[in-house]
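Please look at the sequence and the structure before reading on.

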Amino acid sequence: MHTGFLLLALLTLASAGAAMCLRNLVHCALCVAISFVSLAALFLTLDAEFVGFAQILVYVGAVAILIVIAILLTRDISGHGQSLVFKPWTLGVGVGALVAGSLVSAVTSSAFTHRELPPAPAATVRQLGESLMTTYVVPLEIIGLLLTAALLGAVLLARRENEGGGRS
Amino acid sequence: MNVGLEHYLVVSALLFALGLLGVIVRRNLLVIYMSLELMLNAANLALVAFSRFNHNLDGQVMVFFIITVAAAEVAVGLALIVALYRKRETAHVEDLTTMKF
Amino acid sequence: MNAFSYLDLLNLLGPETILVLTSLAALFVDLGALRDQPLPRRWLAGGGVTALGGLLAILWLTNVTAQANLAHGILVVDPLTQLVKVVLVAMLLFTVALSLRAEFTEHVGEYFCLLLLATVGMMFLVSSEDVLTIFVALELTSLSLYILTAFNKRSLVSAEAGLKYFLFGGVAAAFTLFGLSLIYGLAGSTNLREIATNLAGKGTDPLLMVALIMVVMGFGFKIAAVPFHLWAPDAYQGAPTPAAALIASGSKVASFFVFAKVMALGFAGIEGNGAWRQFAPGWVPVLATLAVASMLLGNLAAIAQSSVKRLLAYSAIAHAGYMLLGLLAMSNPHRRADGMAALVYYITTYGLTTIGAFGVVQIVERTGGDSLENFAGFSRRAPLVAVCLMVFMLSLAGIPPLAGFFGKFYLFTAAAGAEPGNLGLLWLVIFAIAMSAVSLYYYLQVLKRAFVAAPAEAAIAPVVSFMERLTLALLALAVVVLGALPAWLLGPIADAIKAAGF
């Protein structure tokens, strides 16, 4: 359990870090996908099977693929000849370090986080599904509207407008 | 030593900060986009860990919703990037300068 | 699970359901029946369908009394939320009335559909006291507004503004989410009131403070408070003008209302202290800092603007600073109702005024652009519209007897009286009054161009449709009447707050 957690945590952070440093966009996307997968594995170590699999399906299966398609559409894979980062990159690193430092110190010094691990919950997909259809039915409806709006907007924004002004 | 809540939270905090770093320093819009997803994922990890240690399901349900929201956001975000690229032939942040103070 | 009636749910969500059905109807009418009709007719038909749905929703909201708290705050319906929803739908209707002559897109059905979905998102936002519903509703509103900002596909600026709005919004959403997840973790609940109960007496834990700051950052973005305001001027300038009007009015009303609920209900107990030289950690000093920064930067930057849309954006940032005073007034649980009443009155009148201002800008834009120069001699080219402009600008500046003055008056007295006896936030109120005086300068700049400056040689009279005249006149009338008789709005607000037991 312990070494497994350590390995997965390292893999998640290392691949995320690599994605932030690499120049080639396809490599970046690959690293981010690896990070998503190891996060899903971390979810499994927390007994959250359903969410773990949903993570793989949606993030690796849909999000990563969509990003790769967008990379190909914008035909800007290698990034040669241009600088990788903004010039005052020290500022960014400073802000990142500040956020990381304050978060980590808050987590370690907080009185809330030192807790015993409760017995594994008997959380089944059935329970999740039931709470989605009862307690959480309103957010579920909002999600439906959200997806409708996103679908409509994405099609509208991404499609080519014909110049003549007529309807396509 | 067992793996405790604080270990998961430290990983999640570091992931969040890495994502933020990417958003701030990288120039390419698509990489910024991936960094944003990493930040959302950091929150997901914190939620799943809390859900396990709080011994209730609410956190997992929230993650389920967040994954869906992220998918919708991806669609809109990439459509925006593609729309801009059609107009500008660029996917870099510093070219977003038509409007100035 | 205990008996869960979907029929009750449908009853509680009547207005939202009507608007969702209307959005589908607008889409189908436009894409199906009117496919080959000329563009102006399609705008009229889409607007008509939307307006009909909006009116039905208002009728429902004002006639069906409902009070319920479903599944621990997932859906809260009470007189106060119904009142705010009426305000939101009214703002949608005014936005629709101003879009009827728009020419920026051919996708009429999609445009109205997204306007309606954004409004539905705001309505859900208003009636939730649960962090999950708040987050999801916030995302529905934001996503629809990103798309509306980038809606003008012929304009470069529009796409760029949409992308900037989206990127800043994405970061803000990530911060909100991380903060909310920490709060869920610390309190073990997603309901705002339960969070406050569970956290009571635990003091100021460092992780709780981090969570608080992250949540404030996320909402600070939505309300465009400094230093999270960077998207606002670009989005206001680049978005199609009616969409900008909705972002500046409806979205602000909903965000402020839910922000106030999160702070006053969820973080009750860790207010801290913002009084002069008695600072203690908590949300009051954090918000006080944001308020000072917003009023200062918003007002000073507005002076330097030449585009009137950007000027309105910076003025919106400054007004977000004033409105934060209303939130601060809610830090005292015994005076919470006063603060809420002042805030709702202020955001309502501010929203109406700002829609009107954008409506005038849209008319001026037809004569070439939205820079200050285009306003030169406007009173001679379109007298009625210019008078409306004067009402809106003077109300934004807070001149009596207009609604903007009474809004500021109630807000500032509520903030000053939040700590009876020691006048803790008096320093902030004095600063706010000083800043309102500064703001008069740039509002008068606009009016000076419109009324005093001579029109340019080539200036043409703008075409103003009947609907635009009617809408602007109604808005100006509302600003005057609500200023002269504030009790007309304050009375119902106070009743609703009392009935809701806020």
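The contact between chain B and chain A takes 60 residues from chain B and 71 residues from chain A, where two residues are in contact if their C-beta atoms, placed from the backbone, lie within 7 Å. On the side of chain B that touches chain A, helix H1 (5–25), helix H2 (29–54) and helix H3 (58–88) of chain B each supply at least two residues. H3(B) gives the most, with 21 residues. Helices here are DSSP runs (H or I, at least four residues), numbered from the N terminus.

The model is predicted: local features need pLDDT of at least 70 and side-chain atom pairs count only at pLDDT 80 or more, while totals for chains, interfaces and linings use all residues. Residues are numbered from 1 along each chain as its sequence is written, and chains are lettered from A and ligands numbered from 1 in the order in which they are written.

Chain A also touches chain C, in a contact that takes 29 residues from chain A and 31 residues from chain C. Helix H4 (89–109) and helix H6 (137–158) of chain A each supply at least two residues of the side of chain A that touches chain C. H6(A) gives the most to that side, with 14 residues.

The table sorts both sides by class.

Which way does H4(A) lie against H9(C), parallel or oblique? H4(A) and helix H9 (residues 206–222) of chain C pack at an angle of about 140 degrees, with their axes 7 Å apart. Axes are lines fitted to C-alpha atoms, for helices over the stretch in contact, and angles run from 0 to 180 degrees between N-to-C directions. H4(A) is therefore oblique to H9(C). Angles under 35 degrees count as roughly parallel, over 145 as roughly antiparallel, 65 to 115 as roughly perpendicular and the rest as oblique. Residues of H4(A) in this contact include Leu103(A) and Ala106(A), and those of H9(C) include Pro206(C) and Val210(C).

Within chain C, helix H13 (residues 283–303) and helix H19 (residues 426–451) pack at an angle of about 15 degrees, with their axes 9 Å apart. H13(C) is therefore roughly parallel to H19(C).
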